[in-house]
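Okay everyone, thanks for coming.

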Amino acid sequence: MMRVAAIAFETQEGMVVTDAQSRILRVNEAFTRVTGYSAEEAVGKTPALLKSGRHDDSFYQDMWNTLQAQGRWQGEIWNRRKSGEIYPEWLSISAVQDSEGRTTHFVSSFLDITQRKEAEEQIQFLAYYDPLTHLPNRRLLNERLRKVLASSGRHQRYGALLFIDIDNFKTLNDTMGHAIGDSLLIQVAQRLRLSVRAGDSVARLGGDEFVVLLEDLSPNIHEAIAQIRQAAQHMLEMLGEPYALGEISHHCTASIGAVPFRDAGESIEGLLKSADMAMYKAKESGKNAMRFFDPAMQTEIEQRAALERDLRQALLLGEFTLYLQPQVDRHGRRLGAEALIRWQHPQRGLILPGEFISLAEDTRLILPIGQWVLSEACRLLAAWRHDPALAGQSLAVNVSAVQFRDSAFLDNVAQALAESGASPELLKLEITESVLLENTGEAITRMRALKDELGVGLSLDDFGTGYSSLSYLKQLPLDQVKLDRSFVRDIDSNPNDAAIADAVIALGRAFKLTVIAEGVENEHQRDALLARGCDAFQGYFFGRPVSSDAFAASKAPDA
Ligand code: C2E
Ligand code: MG
Ligand code: MG
C-alpha cells in the first residue's frame, strides 16, 4: 500500500485503485464527481461498473493484454455515468508490482474529455465543411472523390464531376452587399442538395463555385452522358427559379461544366480542372448552360493562359506599337489617321489586335494597354505639331467599352493630353455602341464631359453592326460615325448594303455628323460612296496601316 499511497491521490483527475483481481479498493473525489458513484457504491465492485457498451470484448481483451505485457495502458474510452450518460475519458492504467514482480494493484487515472471531444468535433467540422452553407468543402470532396475513383474503377460504372458557377454572382455581391450574396449562396446550396440523388455529393469550393459528384452512373458512356445531361438540366432548372433575397425576388442562372470519369488512374486535380474548363465554356456560350469537357479545350485554355502571361509582360517590355492608317477627304487629301495597335511579339512576330484585345478586356489588362495607346497617340500628335506636313492632322484612337466605363477614364484622357501638350481637338476617340449597352445615361454624361470639358472628338465605330438605335444617336454628342466595312464591301453590287449606306449618310447629315467609310479597298467602292455623299474614307485603297515613322515619311502627297 505504501507504493500506492506514493501516487498523489487528490487531483483533478479521477482515480481508482484496485487489487490484482480488479476489485476497487479506493476512489477519489474526482471519481465521484465524474462518474456519479460514491466511494461506498464503488468499493468492492470492478471497473466494469462503468462499462458503456460502446466497446466490444476484444477492446477490453487488448487492454488487458497490454497491461499484462507492459504494465501500462492508456487511451480513449467511453464510459457510463451513474446517470446513464455516456462520456469519453482519457484513461491511464498502471500495474503496481511487488519486489518479486507480481502485480499487486492497478492504479487508474482518468480525465473527462467531453468538452475536448466537442471542440475536436467542431474543429473537424470546420476542417471538412463550409461554415456558410454546411456543405462539404474542398478537402472533404477530395476524400470522397478519392474513394469514388477507387470504386468506379472496380465497378466499371461511370461517375461524373460537375462544376457549377453562379452567373454574374460578383455583380450581385458588389451591388446588393455580402449579406444578400450569402443568402443566395445558402439557397443555391439547398437547391443543389435537393436536386441530386441521396448518394451524390454536393460541395462548395469557395465563392460561388459548387461541385456535384454523381456516382453509380451507367457503365455505358452514352447512357452515362445522357444521365449527366439530365441531372445538369434539372439543376439548371432548379437554380433558375426565383430567389427570395430580403424584400426582393431575384432571378439568376448558373453555368455547369461536366466531366465523366471511370478510370481509377484519373487525378483528382485533373478532373476538377477539366470540369472547370468546361464550365468556362458554358459561360462563354452565353451562360445558363452546361458543357462537357473535351480535350481540345485543354489546348485552347493553355494557349490562352500563355497569351495572358505574355500580354502582362508586353507592356513592361515595350512590345506594343501603334500603326497608323490614313483617313482622307472627298478629294483624297489626308485628314489624319486611325491608330491601330500592334504587338511585336518576340517569338510570334507582329500580332494583330483581333488576337489579344478580347483577352485583354476579359483580364482588364485593356486598362493599362488603353492608357498606353492614349499617351502614345498624344505623344505623336504633339510631335506632329513641329512638322508642317503633319501639323493639324487628327489621330483617331480606339477605346474599348471596358476602358470607357472605367471611372478613371476621363482623368486618364486629360492626363495624356496634359503630359504631351497635344491639342485635344485633334484627338478623336472611337467608341462602339457597346459602351451604351449598360448604363446608357452615364455613358452619355461621360461622352459630354469628354467633348465639353476636354474638347476631344468622338466617333462611333463599326456603325450599323450593333444595336444601333436612332433614339440614342440623337442624344449622343458625336462628331462622326464610321460606316462599317461590311456595308462598304458590296456597296456597288448589293442594293441592301447601298441602301444602308444611303441611310447612314442621310442620318449623318440630319444630325450634323461627318460620315467616314471604313474598309474602302477599291475605286468602285470609293466612287459609289462619293456618289452618295460620303464625307471621308479609310481603307487599303488609300493606304494600309503602317508604322508611325513610315506614316510620317510618306506624308500627304498634296499637303
Ligand atoms: P476597327 O477600329 O474597326 O479598325 C479597322 C480594322 O480594319 C483594322 O484592323 C484595319 O487594319 C482593318 N482595315 C483597314 N482598312 C481595311 C480594308 O480596306 N480592308 C480590310 N479588310 N480591312 C481593313 P486591325 O488593325 O486588325 O484592328 C482590328 C480591331 O481591333 C479594330 O477595328 C479595333 O476595334 C481594335 N483595335 C485596334 N487597335 C486598338 C486599340 O488600340 N485599342 C482597342 N481597344 N482596340 C483596338
Ligand atoms: Mg476603329
Ligand atoms: Mg471599325
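Strands themselves are DSSP runs of E, at least two residues long, and helices are runs of H or I, at least four, all numbered from the N terminus. This is a predicted model, where local features need pLDDT of at least 70, side-chain atom pairs count only at pLDDT 80 or more, and totals for chains, interfaces and linings use all residues. Residues are numbered from 1 along each chain as its sequence is written, chains are lettered from A and ligands numbered from 1 in the order written, and side-chain values use heavy atoms, leaving out hydrogens and water.

So, strand 13. In strand 21 (residues 536-538), Phe-537 is the bridge partner of Val-328. Those two strands run antiparallel, with 3 bridges. Strand 13 also pairs antiparallel with strand 14 over 9 bridges, and there Leu-322 sits opposite Ile-341. And 9 of strand 13's 10 residues are buried, so the rest of the structure largely encloses it. Buried means under 20% relative accessible area, exposed means over 50%, and partly exposed is in between, using a 1.4 Å probe and protein chains only.

Now, what coordinates the magnesium ion, ligand 3? Asp-461, Asp-462 and Glu-518 do, at 2.1 to 2.5 Å. Donors here are N, O and S atoms within 2.8 Å of the metal (3.2 Å for Na, K and Ca), and sites may look incomplete as water is not among the atoms. Asp-462 lies in strand 18 and Glu-518 in a loop, so the pair ties together parts 56 residues apart in sequence. Glu-518 is buried, at 11%, while Asp-462 is partly exposed, at 27%.

Technical notes. Pairing = 2+ DSSP bridges.
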